[in-house]
Amino acid sequence: MRLNTLLPLALALPCLFSAAACAQAPKSLTYAPEFTADQILNGNLPRPASPPPLPVTFDESGFAKDRVFHVPAPGVHPRILFGPQDLPGIRERLATTQSGKQMLGFARKQ
């Protein structure tokens, strides 16, 4: 069965159960133009025009760049959330702060 014959049926099914759904159902169906196989396979489909670029301004006031993680060089690990130079500070905070001690204790219980 083709999609062209199933789509009207699928849109009409909610009308069987609800009058409100029937009132919202589209009255006529419009289909996109069909493309040839060559157009599809060769990527020669018509595309809508791009919207005009919007002007963008960035406000960096109050942004602490020194707190942003720096990206390590390729091959340096760990690198996802912190780098190797961050490990001594992390270890110190785990050992000296109350929240760090709680997190370390919880991790050791796991």
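Phe35, Ile40 and Leu45 make a nonpolar surface patch of about 240 Å². Patches take residues with over 30% relative accessible area and no salt bridge, joining like charges within 9 Å and nonpolar side chains (Val, Leu, Ile, Met, Phe, Trp, Tyr) within 5 Å. Areas come from the Shrake-Rupley method with a 1.4 Å probe; for residues, only the protein chains shown count as cover. Ile40 belongs to helix H3, residues 37-42. Ile40 counts as partly exposed because its relative accessibility is 49%. Buried means under 20% relative accessible area, exposed over 50%, and partly exposed in between.

The model is predicted: local features need pLDDT of at least 70, side-chain atom pairs count only at pLDDT 80 or more, and totals for chains, interfaces and linings use all residues. Residues are numbered from 1 along each chain as its sequence is written, and side-chain values use heavy atoms, leaving out hydrogens and water.

**Overall fold**

The protein has five helices and zero strands. Along the sequence the pattern reads α-α-α-α-α. Helices (H or I, at least four residues) and strands (E, at least two) are DSSP runs, numbered from the N terminus. Of the 110 residues, 4% count as buried. The accessible surface comes to about 10200 Å², and 63% of that belongs to carbon and sulfur atoms. Among contacts between residues at least 6 apart in sequence, 11% join residues at least 24 apart. Contact here means heavy atoms within 4.5 Å.

**Helix H5**

H5 covers residues 98-109. Its twelve residues should span 16 Å at 1.5 Å a residue, and its end C-alpha atoms are 17 Å apart, which agrees. The expected span is 1.5 Å times one less than the number of residues. H5 is hardly covered: one of its twelve residues is buried.

**Side-chain pairs**

Side chains of opposite charge can pair when their charged atoms come close. The structure holds one salt bridge, defined as a side-chain nitrogen of Lys or Arg within 4 Å of a carboxyl oxygen of Asp or Glu. Lys65 and Glu60 form this bridge, at 3.3 Å from N to O. Asp59 sits in the loop between H3 and helix H4 (87-96). The side chains of Asp59 and Ser61 are joined by a polar contact of 2.8 Å. Such a contact is a pair of N or O atoms within 3.5 Å; within protein, one must be able to donate a hydrogen and the other to accept it, and residues adjacent in sequence count only if both atoms are side-chain atoms.

| Residue | Relative accessibility | Class |
|---|---|---|
| Lys65 | 55% | exposed |
| Glu60 | 48% | partly exposed |
| Asp59 | 66% | exposed |

Technical notes. Buried < 20%, exposed > 50% of the residue type's maximum accessible area, 1.4 Å probe, protein only.
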